[in-house]
Amino acid sequence: MAPQDGNLLLPLLNKGTFTPPVSGRHFTLNPVISLTATVGDGNVLYIWRPNDELVSKYSERQQTVSAIRWKEDGQFLAAGWSDGFVRLVGLESSKAVHHIRVGNGSSTSKTEFIAWSRNVTKKPPAQLRFPDRLVSQGGLLDEQKDVLDLPHDLEFVEIETALPKLSPLPVAGGTGDDMFVFSTTSSLDFVFRPIKPEEANTVDVMTVGTADGGIHLSIYDSFIIGSFKPSPAPSGMTVPAQGPFHLCGHGSHPDISTHSLLLRPQDGDGKCLYLVPMDLTFIHDSPVNLSVLASKTTTLQNLLRYLKQTLCHMAGEFKSSRELPTRFMLGVQEDLEKFSRGPVTIVQALCHTVMTGDVFPPMREWLLESLAERGHKRWDKAVVSGLANLRALVHENFIPALERCGVVLSRLLGIARFHEGRESIGFTVVQIKGLMDIISCLNVIARNILSNVMDELEHFGVFSVWLRMEIDRLVSPSLADELTEKEATMDHAKVVTYIQRYLTSSPLALYFDELAKDDPSRNTGLPQTGSSLLDLLDKQIKRHESGQTYNKALPNVAFLVDHLTSSASSVFSGIAEAERRGVRFGQATEISVGETIWKHDIHACALQPKGSEHPSMLTFTAVVSESDKSKISVFRTSGPIINGISSDVHLDTAVLKLPDEGTIIDLKFLDDSSLLVLCRQKESATPVLLRADYQSGKVKYSTSQRRSTAVSDRIWTTVGFSDMTGFVPVQMEVQKASNLRDWIPARVCLLGRDNAAYRTYQLPVDWDAVKG
């Protein structure tokens with residue numbers, strides 16, 4: 001940094017122009033990577049590298065973006081849309097890998113605010129170390145330092161990583177929002193990320209505020225806890241303030257499970273906000289490790305999505321293998337029914353030809369004119385490609401996904417057995433065993449499908465050769481001798497078997513035929529509680545093979561996948577309900593300066609008071625009024641957190657006056673000590689950045705009255721910006737330094753008044769060493 005006008009200049013990291021310009025001031029910096037996300041044209045998400053290099057973009061038709069936020073580890077970008085969904089976009093992906101419904105799609109339920117935070121669930125155990133003395137001297141282990149927490153490490157053993165990776169699905173043939181999610185290896189790696197050892201004791205919480213005053217919570221990317229509508233009751237008020245209230249700020253600290261919410265009343269004069277503690281006691285005191293539970297349930301949810309998409313492709317391939325041959329056969333069936341020798345089916349006619357060599361006149365006409373060489377090629381390609389693709393989908397996609405479901409369910413079964421009869425974790429052994437029973441049924445059916453596909457392909461290959469030979473014989477009688485020699489080596493038994501068993505109705509129809517919505521077998525097919533679905537399925541398949549009436553629903557793949565999904569949803573709902581009972585909203589604190597509030601920001605810190613075993617949470621709320629943009633009111637609230645529950649809150653305030661009659665452009669908290677203010681000073685047209693250590697002894701917080709009159713004007717450090725010629729900033733985004741991946745310095749990004757030009761600067765490592 002070089003000095004200019006008495007101030008040090010922040011070094012420029014990069015600059016450029018967002019094309020198209022930023023819509024709605026929606027732009028945000030990735031916490032751990034040099035990436036920036038913006039919204040352009042109202043409905044397109046852009047992710048940029050430095051110097052205007054576009055990484056990816058994503059859009060939704062006829063929907064607009066209303067909020068964006070990066071995840072704490074920088075892996076996902078959450079975007080709230082006007083249709084009531086929050087979509088999570090991968091780091092360098094043009095696809096939304098998760099779709100989280102937070103509203104009903106109406107204008108009153110669209111997303112207005114998104115916050116993403118990380119909480120520590122428990123302190124990590126001491127790590128195993130191997131001192132040299134153990135190798136060289138055969139010394140004894142130090143129990144305090146060298147013993148591994150074996151139960152803890154066993155809890156995080158990832159069996160799934162030993163399994164082959166899931167294969168991508170084709171794009172064509174999929175349905176819904178997930179049709180592109182599983183189409184590439186990179187997307188699959190993003191969706192099915194194993195839990196990392198360093199994340200074993202953390203849980204990521206996404207807090208979403210909607211336009212109807214709702215607060216939506218989800219953990220571990222996409223596991224939904226539920227929605228709430230808090231009604232703040234400030235201290236001294238017996239009746240809650242009039243709502244609804246809109247979430248406009250969020251603060252949290254990793255070591256404290258209580259989050260601070262800043263709520264704005266919808267009806268009001270804009271002169272006050274309410275600070276409400278949200279106690280997430282399920283994080284502080286959960287009977288089961290939240291990281292494991294959230295990871296496994298989210299993985300199971302994603303596997304069910306993958307199974308549904310795979311099933312769509314499987315059904316499509318089966319349908320394509322039957323459609324064209326069926327259309328060809330319909331053309332001759334009517335003629336055969338009117339045949340002079342009496343009604344004849346196509347199966348009877350073809351068997352007659354195989355056995356005798358004689359071709360009925362309607363069949364001759366059909367083979368020569370309707371089917372011919374070109375039609376036969378189309379028939380052969382449709383059946384072979386359809387069945388081969390079906391075989392690949394079952395073998396490479398469906399069965400591997402079922403195996404992974406079994407691994408995840410076995411882990412959940414162990415958790416349920418361990419906690420059975422002691423704590424309420426939201427699901428039971430019986431529920432998990434029921435899901436495993438359905439997985440067993442799907443495994444049996446998948447292997448039956450593979451066996452039938454192989455048989456049908458083998459028989460069709462022989463039938464196709466015979467059919468082509470009959471067409472050639474009719475087209476060119478001169479080739480009769482040559483074709484007779486070829487026919488002598490043909491397995492006519494397989495030709496007849498194919499005609500009788502596969503031609504008009506495939507055995508695969510047992511598993512893929514669509515069930516009517518009002519089909520009674522949908523409700524009567526499920527066994528009673530305690531009965532085995534697998535045993536019942538085996539009985540129904542045997543009844544079908546023996547020609548008896550059977551329940552059509554049980555062997556149907558779509559029915560079983562739907563049944564698996566609905567049964568799993570009951571488990572997910574139970575877990576969410578158990579966690580939802582651990583959400584509590586505390587007493588509200590009114591934040592007001594007596595004037596209309598123009599800008600605000602919020603930051604939470606943790607404090608361990610001397611002589612107390614309970615931590616305290618400090619929340620700082622910086623507020624600028626519409627009428628006076630030269631000073632900042634900082635509200636400090638503090639209170640002990642006892643067993644994850646907030647108690648009485650103490651409030652005191654300070655007023656920070658800007659030096660040199662400066663005018664605030666924007667302000668942001670950077671960390672536990674730095675409040676950054678972008679301002680324009682009276683004597684200079686070039687903006688500067690002010691930094692205040694808002695927790696230092698120089699800042700005079702007043703406890704004697706609610707609205708402090710103490711003014712602190714000598715607590716500022718001033719730095720300038722390089723390369724600012726012709727650039728007028730109107731908005732600021734800041735990120736603290738991170739070494740989660742590679743080391744990245746603390747930085748500030750300024751957006752110009754055209755909402756397109758931007759500048760990113762590196763912030764000082766040591767503010768105390770900066771003189772200004």
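This is a predicted model: local features need pLDDT of at least 70, side-chain atom pairs count only at pLDDT 80 or more; totals for chains, interfaces and linings use all residues.
Which residue in β33 does Cys749 stand opposite? Cys749 faces Thr760 of that strand.

Residues are numbered from 1 along each chain as its sequence is written, and side-chain values use heavy atoms, with hydrogens and water left out.

**Sheets**

Helices (H or I, at least four residues) and strands (E, at least two) are DSSP runs numbered from the N terminus. Two strands count as paired if DSSP finds at least two bridges between them. Strands of a sheet pair through backbone hydrogen bonds, either parallel or antiparallel.

The strand pair that holds Cys749 and Thr760 belongs to an open sheet of four strands, ordered β3-β33-β32-β31 with antiparallel pairing. At its edges lie β3 (12-17) and β31 (729-735), each of which pairs on one side only. From one strand to the next the twist averages 15°; axes are lines fitted to C-alpha atoms, for helices over the stretch in contact, and angles run from 0 to 180 degrees between N-to-C directions.

A further open sheet of four strands has the order β8-β9-β10-β11, and its pairing is antiparallel. Its edge strands, β8 (65-70) and β11 (96-101), each pair on one side only. Here the twist averages 20° from one strand to the next. Within this sheet, Ala78 stands opposite Leu88 in β10.

| Strand | Partner strand | Bridges |
|---|---|---|
| β32 (residues 747-752) | β33 (residues 757-762) | Five |
| β9 (residues 76-81) | β10 (residues 85-90) | Five |

**Helices**

The axes of α6 (residues 346-356) and α8 (residues 429-475) come within 12 Å and cross at roughly 80°. That angle makes α6 roughly perpendicular to α8, a class covering 65 to 115 degrees; angles under 35 degrees count as roughly parallel, over 145 as roughly antiparallel and the rest as oblique. Leu350, Thr353 and Val354 in α6 meet Phe463, Trp466 and Glu470 in α8, where contact means heavy atoms within 4.5 Å. These contact residues divide into four nonpolar, one polar and one charged. Ala, Val, Leu, Ile, Met, Phe, Trp, Tyr, Cys and Pro count as nonpolar, Asp, Glu, Lys and Arg as charged, and the others, Gly among them, as polar.

Helix α14 (residues 557-580) has 24 residues and spans 34 Å from first to last C-alpha, close to the 34 Å expected at 1.5 Å a residue; the expected span is 1.5 Å times one less than the number of residues.

**Backbone geometry**

Most residues other than glycine have a negative phi, and most peptide bonds are trans. The Thr19 to Pro20 peptide bond is cis, with omega near 5°, and Pro20 is found in the loop between β3 and β4 (22-29). Asp52, in the loop between β6 (44-49) and β7 (53-59), has a positive phi near 65°.
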